[in-house]
Amino acid sequence: MTRPTLLIFAKPPRIALSKTRLAAGLGGTEARRIARFTLARTMRAARDTAWETRLYVEPYRALDDTLGGLWPPHISRYPQGKGNLGDRLTRAMMEAPHGPIIFVGADAPEMTHTHLRQAATSLRRNGLVFGPADDGGFWLLGLSERLKSPDVFKDVRWSTPHAMEDVWSNLPEHARVTLLPQLIDIDIAEDWKRYKKQQQGF
């Protein structure tokens, strides 16, 4: 099977740039610290030669940043470009090499290398992989070559409990699906509090 391409969508952890909804509840400094924490865990999980990794960066001026090595120089970087999230994901999908693709953001600190390996392995037999988030979105989406289409992200209600449902409804009914474990996406202060409680065993 063709090696998958892992597409990571991320922003540099900076005040007033990343985690703005989180900052509204916890303050800019704490939101930046959490953004760096989740980004570092994402980049650590992505280390593997089993896939080609591409980093899609926003804003464009951050394209050459290294973040003290947090964004390794050997990983190819691309601008996310203009448009809504669906436009940007579609552009990255159509730019990707032939073969399966796996989308992730940098908001799910529980995501591990094992999860990514499982997604890559699942795409050998199933056309679709979802990593559901507990807010109705998803922390991972994997697509086989034959499911790559501009219609995948059409009319998706982003940042709502319907995001994963909308993407799923845009895909063929016959597509075989793998569901990974449900994880917490850190978008707002309540998400971070639930994540911390979970880590403490409450």
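Predicted model: local features only at pLDDT ≥ 70, side-chain atom pairs only at ≥ 80, totals over all residues.
Let me start with Val 57, which is buried, since its relative accessible area is 0%, where buried means under 20% relative accessible area, exposed means over 50%, and partly exposed is in between, with a 1.4 Å probe and protein chains only. Val 57 belongs to strand β2, residues 52-57; helices (H or I, at least four residues) and strands (E, at least two) are DSSP runs, numbered from the N terminus. If we set aside the neighbours within four places in sequence, Val 57 is in contact with Ala 10, Ala 62, Leu 63, Trp 71, Tyr 78, Pro 79 and Gln 80, contact meaning heavy atoms within 4.5 Å.

Residues are numbered from 1 along each chain as its sequence is written, and side-chain values use heavy atoms, with hydrogens and water left out.

Now to the sheet. In what order do the seven strands of the open sheet stand? The order is β3-β2-β1-β4-β6-β5-β7, and the pairing is mixed; two strands pair if DSSP finds at least two bridges between them. Strands β3 (76-79) and β7 (177-179) are at the edges with a single partner strand each, so one side of each is left without a neighbour in the sheet. From one strand to the next, the twist averages 20°, where axes are lines fitted to C-alpha atoms, for helices over the stretch in contact, and angles run from 0 to 180 degrees between N-to-C directions.

Let us follow some of the pairs. Strand β1 (residues 5-10) runs parallel to strand β4 (residues 101-104), joined to it by four bridges, and Leu 7 has Phe 103 as its bridge partner in β4. Phe 103 also stands opposite Leu 141 in β6, and here β4 and β6 run antiparallel, again with four bridges. As for β6, six of its six residues are buried. Strands β5 and β6 pair in the antiparallel sense over five bridges, and in their hairpin, with five residues between the strands, Gly 136 takes a positive phi near 95°.

Turning to the helices, α4 (residues 113-122) lies across β1, β4, β5 (128-132), β6 (138-143) and β7, running at about 150° to β4. In α3 (residues 85-95), the buried residues are Gly 86, Arg 88, Leu 89, Thr 90, Ala 92 and Met 93, and what covers them includes β1, β2, β4 and β6.

Finally, a few backbone details deserve attention, because most residues other than glycine have a negative phi, and most peptide bonds are trans. Glu 58 and Pro 59 are joined by a cis peptide bond, with omega about 0°, and Pro 59 is in the loop between β2 and β3. The loop between β1 and α1 holds Ala 16, which has a positive phi of about 70°, and also Lys 19, with a positive phi of about 55°.
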